[in-house]
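Let's take a walk through this structure together. Have the sequence and the 3D view at hand, and we'll stop at a few places along the way.

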Amino acid sequence: MIILTLLCPLLLGAIGIAAAASFAGEACRRERVLPAIYGASALLCALIAVLALASLGAAPSTITLPLGLPWVGARFRLDALSAFFLFVAGLGGAGASVYAIGYGRHETAPHRVLPFYPVFLAGLFLVLLADDAFTFLFDWELMSLASWALVIAHHRDPANTYAGYVYLLMAAFSGFTLLLAFGLLSGGTGGYSFDAMRAAHPSAVLAAPVLLLALLGAGSKAGLMPLHAWLPLAHPAAPSHVSALMSGVMTKVAVYAFIRIIFDLLGTTPWWTAVIVLALGGATAVLGVLYALMQHDLKRLLAYHTVENIGIIFIGLGLAMAFRANGFAAGAALALTAALFHVFNHAVFKSLLFFGAGAVLTATGERDMEHLGGLIHRMRISSFAFLVGCAAISALPPLNGFVSEWLTFQAILLRPDLPQWGLKIAIPADGALLALAAALAAACFVKAYGVTFLGRPRTAAAANAQDVDRFSLGTMLVFAAICLLAGMFPGAVIDMLAPVSTALLQARMPTQLGLPWETIIPIAASRSSYNGLLIFAFIASSTGIAVWAIHRFASHAVRRGPAWDCGFPDPSPITQYSADSFAQPIRRVFGASVFRSRETILMPPPGDLRPARIEKFSRDLIWDVCYAPVGTAVATAAQALNRLQFLTIRRYLAFVFLALIALLLALALWQ
Amino acid sequence: MIGPFLVQAGQMALVLLAAPLLTGLVRKVKARVQRRRGASVLQPYRDLRRLLSKEIVLAHNASWLFRTAPYLIFALTWVAAALIPTFATGLIFSWTGDLIAIIALLGAARFLLALAGMDIGTSFGGIGASREVMIASLAEPAMLMIILSLALIAGSTQLSTIAAFMLSPEAGLRVSLALSLLAFVVVALAENARIPVDNPATHLELTMVHEAMVLEYSGRHLAMIELAASLKLLVMISTMACIFFPFGLVTGDAGAGRYLIGIGVYLLKLAIAGTVLGCFEMSIAKMRVFRVPNLLGGALMLGLLATLLLFVSVGL
C-alpha cells in the first residue's frame, strides 16, 4: 500500500518536470498540455485519497528508498495520522486540479504555474509520508519553494513580489525552527529517524524548547498569530486553485507537523504547554476573524479567515494536550477528534470558497468586493455553492462546520477535575473566545456574501458577469455537497478519525456509526447528542409544510416594482452598503482596541459646496509590534555593516587574523 | 408508541398557535401601560391573515434568495421551537439537537435574514444587516457562555436533562445561575429586537435594526417573517422558562389530563413573561446603537464570570 501511495507524489513530481519540458517545445501544444497535467494531477490525488482512506485502519507500514543522503536513504511511513491527512490533502488536491482544468484556461502565464503545481502537490504529500527528519525537512522545503514559485506566478504585480518576499522569509524561518526542533528531539544519539526520536523519550527540560520551536515552525506555516503575516499576502496572490490548496491543504500539513511532533514524537508534555497552545489558539481565532472582517479584497478576507480556523483547530489541540497531560485519555480523544474534524471541514469549505472567489475573479476580473455586487443574478450556480460554503464556515446547522465547533464545545464542557489553575481559567476563556470567533465569522460571511453576490452591481464588470465553466462549477457543487453530507453524517467522519486518536492517545471516541438515526453522542446520551440528518430533515419538511400551506391558502399574486426603500430609493448603486460600511459597527466596537481604528468626519460649514468626507484610520498592531522593529533592525544593521564592504585588503586580513585569535582564545577558555 | 409523536406534534402546533398570541399580549400590555386601549390580543392573527391575502410587491432585482429566505427563516425558527421542552420534557425528538444546536438554528435564521436584507441593495437593508450582525456578534457568544455555565451545572447541554436537573433538589440557589439568568434576559431582549436594543414598534429609520432588514418584504413573505419573529420571542421565553422556571413540566409518561395541566402552566408562564416584558419595555428608553455593545458585553462578561466560577469551584 505504501509503495503505491508513495508512487503518486513521485509521479506528480515527474509530471511537473514533463510540464516544464513541454514548455520548452513549440507553443501550439500548450492548449493540450493544460488539461493533461491537471487531469493527471486530479487522478493521482484522487488515488491518494482512496488509498489513504483504505489504509486508515491498517497497521503502520514503512519503506526506505535509496534517495536523499547516500548512506541512509529516505524513510517513509504510512500510519493512521498520515493516512488521514493524506486523505484530506488528496481530496483538496483532486478538487483543485479538476477546478483548474477550467480555471487554468484563463491563466495568462501558464508556463509559470503548470510546472510547479504538480511539484507543490508532490511536496505536500511527501511531507505527510516522511519518516525521518531529513526527508521531512527536504519535502517541507520542496512544498514551500514550489508554492513560493506559484505565489509569484504573476510577478509583474509589485504586490505579488512583495508577498513572495515575505513568504520566502517566513518559510525559511519555519524550516529553520523545525530543523532545530528535530535537532533537539534527536538528542545526543543523533538518530534522526522518527523511530529513534519516539524511542528516545526526551526529558521534560527538552519539552519546552521543542514545543516552542514546533509552535514557531509549524505555527508560522499554519498561520498562527502573530506569525501569520505572510499568509494574507501570499494566499491571495497565487492563482485561485493554488490559493485553495495553500489555505485548504498546506496549512493542514503544518497542523500535521505540529501533531506529529507534539503528540507522536515528543510524548506527554507538561500541562502548561497546553496553556500556551490554548492562549495562542484563542487569540488567533478571534483576531483572525476580526482582521478578516476589515478586508474588502475577497481572497484576502478568505485568507485571514484561514487564520481564524487554524486558531479553532489549535484550541482543540490545546485541549487535547491539557487532557492528555492529566491522564484523561477519553477527553483528549474527543478534543483531538474535534480538531481533526475541523481540519477536514476547513479543507473542504475553504477550498470551496476560494474556488468561488476564483470564479468571481474569472467572471469579473475583480477581487475587490467594493467593485462587485449582484452576482447572484448572473452567476447562479457559483453563488449557490458559495452560499453553502459561507453557511458551513459560519458553523450553521445542518452543515459540517457546526459539528466540529460543537464537538470542540463539548470538549470544553467536559470539565474534568483538572488540578491546575492555569487550565481552569484558560479553558473557559477559550470557550468564550471560540464563541466570539464563531459569531464574528457569521458576520464576516454575511458581509462577504452580501456585498459580493447580493444587492446591485457596483461596476460594469459585475453587471456583465457570466457564470464560469463546467469543470469549476462541478467541483464547487461537489464540495458543497461534501459540506452537507459531512454535516448530515458526522458519525462517519468521527469513526474515520478513531484510528488516529487510538494511535496517538491510546483512546478513541465511542463508535458513532450504527447509533439510531445516525445520531452522534460524544460522551453519553444524557450529556449531549446531535443529529444532523434529522435536523436537515426537519428543516426540509418544515420548509415544505410552510411552502405548501402558503401556496395552498395564501394569495399567489406577485407584482414586480421598484425597491421601496422607505419611499426614497436612490438609483445609484454606490448608495448601497459597501464592505467597509458594513463592517463599520464592528470596527467601532472591537477595532478601537485591536486596530486603534478611529474615524474623522470632515463636515464643511454651511454654504460650502465641498462634499463631506469621512476618513478612517487603522493600524495593524501585530505588524507594527512584531515585524516592523525586526525589519528596521535588519536594515539598520545592514546599513552599519555596509562599510565593511569597502575596506582595503590589509584590513580584511587583519579581521581574519583577529577572528582567528578570538576563536582560539574561546577554545582555550572553554577547555 | 403513538403517544410521544402526538406530544411532539402537539407542541409544534401549540408553539405556532401561541406565538402570535404572545406578541399580541405584549402589545396589549404596552398599550395599557400607556393608558391606551390598544388592539385586541388577537390582532397579530388578523395581521397575518391580511398579509397572506395580499399580493407581493417584489423589487425588480430581488433574487431567489430573497424569495426563499422567509420560508427557511420560518422553518429554522419552528424547528428550534420544536426542540424545546415547553410543557413536557420527554419529546421524542429532543435528542436531535441540544441547546447549542437550538441557538445555532436561530443563528442560521438570522444569517439568512441579514443576507435577505442586503439582497435588494438598498441602504436600509444594509444598515439593518450590518447592525444586526454587530449585535449578534456579542449576543451569540454571551448566549453560548450562558449555555456553558448551565451545562457545567447540570452536566449536560440537553435541555430536557437541564430541566430535570433544575427540578431536582440538587439545583438549589447558585450564584452562577443568577448571573446566567441576568445575562439571559439581556441576550433575549437583544435577540428579539426589543427595547432597549431595538424597537419593534417603530419605523424610525435611525433606530431600527430588525425592521430595516425586512423593509422590502410584503405579502405572504412578510407574514412568514412576522410569524418567525413571534416564534423567536416564544422560543426565547420558553427556553428561559424551561431552564430557570421548569416547574409544571410534564416529565416521563403521563396521562392526557397531566398534559393538559402542563399546557395550562406553560401558557400561564408565557402570559406572565409577556406581561413582564411589556411593562419592562415601557419602563425604559431605547439605547443608542453604539451603547448596545456595552450592554451585551456586560452580558458576555456575566456569562463568562458564571462559567469561570464553576470551573474554579470544581474540586474546592
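**Helices that cross in chain A**

Start with helix α13 (residues 329–364) of chain A and helix α20 (residues 490–505) of chain A, whose axes cross at roughly 125° and come within 9 Å. That angle makes α13(A) oblique to α20(A), and the crossing is right-handed. Which residues meet here? From α13(A) come A329(A), A332(A), A333(A), L336(A), T337(A), L340(A), F341(A) and F344(A), and they meet V493(A), I494(A), L497(A), V500(A), S501(A), L504(A) and L505(A) in α20(A). Sort the residues of this contact by class and you get 13 nonpolar, two polar and no charged.

Now move to another pair. Helix α3 (residues 80–103) of chain A packs with helix α19 (residues 470–488) of chain A at an angle of about 155°, and their axes are 6 Å apart. Because angles over 145 degrees count as roughly antiparallel, α3(A) is roughly antiparallel to α19(A). This crossing is left-handed. On the α3(A) side the contact is made by G95(A), V98(A), Y99(A), I101(A), G102(A) and Y103(A), while α19(A) brings R470(A), F471(A), S472(A), T475(A) and F479(A). By class, the residues of the contact of α3(A) with α19(A) are six nonpolar, four polar and one charged.

**Stepping back**

All of this comes from a predicted model, with an ipTM of 0.94 and a pTM of 0.93. Chain A as a whole holds 24 helices and five strands. Its C-alpha trace spans about 95 × 70 × 60 Å along the principal axes. How does the radius of gyration of chain A fit with a compact globule? A compact globule of 671 residues would have a radius of gyration near 26 Å, and chain A has 26 Å, so the two agree.

Over in chain B, the pLDDT averages 87, and 96% of the residues score at least 70. Within chain B, confidence is highest in helix α3 (residues 64–82), at a mean of 93, and lowest in helix α8 (residues 210–213), at 84.

**Where the chains touch**

Next, look at the contact between the chains, which takes 74 residues from chain A and 76 residues from chain B. On the side of chain B that touches chain A, the elements giving two or more residues are α2 (43–53), β1 (56–59), α3, α4 (99–119), α5 (123–154), α9 (219–244) and α11 (292–313) of chain B. Which of them gives the largest share? That is α5(B), with 18 residues. This side of chain B has 46 nonpolar, 21 polar and nine charged residues.

**A few backbone details**

Let's finish with the backbone. Most residues other than glycine have a negative phi, and most peptide bonds are trans. With that in mind, find the peptide bond from M225(A) to P226(A), which is cis with omega near 0°. P226(A) sits in the loop between α8 (204–222) and α9 (231–237) of chain A. Chain B has a cis peptide bond from I195(B) to P196(B), with omega near 15°, and P196(B) is in the loop between α7 (175–191) and α8 of chain B. Back in chain A, R596(A) is a residue other than glycine with a positive phi, near 50°. You'll find R596(A) in the loop between α22 (579–594) and β4 (598–602) of chain A.

Note on methods
Residues numbered from 1 in each chain as written. Chains lettered and ligands numbered in written order. Predicted model: local features only at pLDDT ≥ 70, side-chain atom pairs only at ≥ 80, totals over all residues. Axes fitted to C-alpha atoms, helices over the stretch in contact; angles between N-to-C directions. Helix = DSSP H or I, 4+ residues; strand = E, 2+ residues; numbered from the N terminus. Parallel < 35°, antiparallel > 145°, perpendicular 65-115°, else oblique. Left-handed = near helix turned anticlockwise from the far one by under 90°. Contact = placed C-beta atoms within 7 Å. Nonpolar A, V, L, I, M, F, W, Y, C, P; charged D, E, K, R; others polar. pLDDT = per-residue confidence, 0-100. Rg over C-alpha atoms; globule rule 2.2 N^0.38 Å.
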